[in-house]
Amino acid sequence: MKKKFAFLLMGSHYNPDEHKACFETENQISYIFTVRSFEEACHKLSFLESEGVGAIELCGAFGEENAQKMIELTHNKIAIGYATHKSEQDNLFFDFFSNFG
């Protein structure tokens, strides 16, 4: 049985029906899904659980608090991580992402 992994990108500029990808190798299926809000992410999480996804990585837009909420929603049964960056680069990230809706 192949392991399943998913990466969730969150931003209001995405169209989840269009902006997604799947990569399959001999041993693993990796998904990239987009969501427009944390609420959409929670709905996607239910789908990922039902599909047997064992690990989910969240983009930095989720932050630690929402990553923790998702861990709790899965009753700590799915490995969930989230992207972060060094604080000395905060201004670069703010400048880049402040132009998105």
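**Labels and their cut-offs**

Trainee: Why is C59 called buried?

Mentor: C59 has a relative accessibility of 9%. Buried means under 20% relative accessible area, exposed means over 50%, and partly exposed lies in between, with a 1.4 Å probe and protein chains only. So C59 counts as buried.

Trainee: What are the ground rules here?

Mentor: This is a predicted model, in which local features need pLDDT of at least 70 and side-chain atom pairs count only at pLDDT 80 or more, while totals for chains, interfaces and linings use all residues. Residues are numbered from 1 along each chain as its sequence is written, and side-chain values use heavy atoms, with hydrogens and water left out.

Trainee: How many disulfides are there?

Mentor: A disulfide is a pair of cysteine sulfur atoms within 2.5 Å. By that rule the count is 0.

Trainee: What makes a pocket a pocket?

Mentor: It is worked out on a 1 Å grid over the protein atoms alone. A pocket is an open set of points with protein on both sides within 12 Å along at least five of seven lines; a cavity is a set where a 1.4 Å probe fits but cannot get out. Lining residues have an atom within 4 Å of a point.

Trainee: How much space lies in the largest pocket, and which residues lie nearest its centre?

Mentor: About 470 Å³. That volume is the space filled by probe spheres set on the points, which are joined across faces, edges and corners. The lining has 20 residues, and M10, C59, G60, A61 and F97 lie nearest the centre.

Trainee: Which elements give two or more residues to that lining?

Mentor: They are β1 (3-10), α2 (63-73) and α3 (90-97). α3 gives the most, with 3 residues. These names come from DSSP runs numbered from the N terminus: helices are H or I with at least four residues, strands are E with at least two.

Trainee: How do the lining residues divide by type?

Mentor: 11 are nonpolar, 8 polar and 1 charged. Ala, Val, Leu, Ile, Met, Phe, Trp, Tyr, Cys and Pro count as nonpolar; Asp, Glu, Lys and Arg as charged; the others, Gly among them, as polar.

Trainee: What span does helix α1 reach, and what is expected?

Mentor: α1 covers residues 38-50, 13 residues in total. The expected span is 1.5 Å times one less than the number of residues.

Trainee: How do you know which face of α1 is buried?

Mentor: The buried residues of α1 are F38, A41, C42, L45 and L48. Down the axis they fall within an arc of 115°, so they line one face of the helix. The arc is that of the directions from the helix axis to the C-beta atoms. On the other side, E39, H43 and S50 are exposed.

Trainee: What puts the buried residues of α2 on the same side?

Mentor: In α2, N66, A67, M70 and I71 are buried. They cover an arc of only 150° around the axis, so they share a side of α2. The face turned away carries the exposed residues E64 and E65. An α-helix has 3.6 residues a turn, so residues three or four places apart point the same way.

Trainee: And Q68, why is it called partly exposed?

Mentor: Q68 lies in α2. Its relative accessibility is 39%, so it falls in the middle class. Its C-alpha is 9.1 Å from that of G81, 13 residues apart in sequence.

Trainee: What makes H75 and N76 exposed?

Mentor: H75 is at 63%, so it counts as exposed. N76 is at 59%, so it does too. H75 sits in the loop between α2 and β5 (79-82), and N76 is found in that loop as well. H75 has a positive phi of about 55° although it is not a glycine; phi of N76, also not a glycine, is near 60°.

Trainee: Last one: is F62 buried or exposed?

Mentor: Its relative accessible area is 4%, so F62 is buried. F62 is in the loop between β4 (55-58) and α2.
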